[in-house]
Amino acid sequence: QQQKAAAYEVELGERVRGPRTAAASAVATCLAFAPLRRPQRVRQVVEKATELGATDLLPVMTERCNADARHALKGVERCAHEATVQCERLAPPRVHAARGLPELLAD
């Protein structure tokens, strides 16, 4: 009876979380976002994007961004790594350097 219950648990876990292979994350999902003034809000955006499977995080500096927004980007990589561990992903998303919107659109 215990072996049967364990088998169902494994099967259900794979359906909910998906297979844990590198091929499962072969599709690139990029999130371009303008950093917010409050570091807590930036961390929340990074955490949720990581949990949803984003592979690349692209901070975009706009005309309305100020020095507070640049300061809010300091802990982004660490936050992405913590969220990766929390949601049991294989690899954290890549955090790119902050760029201007025209530069991002040119790529």
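User: Hi! Leaving aside neighbours within four places in sequence, which residues is alanine 69 in contact with?
Analyst: Alanine 69 touches Pro35, Leu36 and Met61, where contact means heavy atoms within 4.5 Å. This is a predicted model, with residues numbered from 1 along each chain. Local features need pLDDT of at least 70 and side-chain atom pairs pLDDT 80 or more, while totals for chains, interfaces and linings use all residues, and side-chain values use heavy atoms, without hydrogens and water.

User: Is alanine 69 buried or exposed?
Analyst: Alanine 69 counts as buried because its relative accessibility is 1%; buried means under 20% relative accessible area, exposed over 50%, partly exposed in between (1.4 Å probe, protein chains only).

User: Where is threonine 50 placed?
Analyst: Threonine 50 sits in helix 2; helices (H or I, at least four residues) and strands (E, at least two) are DSSP runs, numbered from the N terminus. Threonine 50 is buried, as its relative accessibility is 0%. Its contacts beyond four places in sequence include Ala80 and Pro93.

User: New topic: how do strand 1 and strand 2 pair?
Analyst: Strand 1 (residues 30–33) and strand 2 (residues 56–61) run parallel, over 4 bridges; pairing requires that DSSP finds at least two bridges between them. Leucine 57 in strand 2 is the bridge partner of leucine 31.

User: What about confidence: what's the chain's mean pLDDT?
Analyst: The mean is 78, and 76% of residues reach 70 or more; pLDDT is the predictor's confidence in each residue, from 0 to 100.

User: Where does pLDDT stay under 50?
Analyst: That is over residues 2–19. Where pLDDT is low, the predicted coordinates should not be read in detail.
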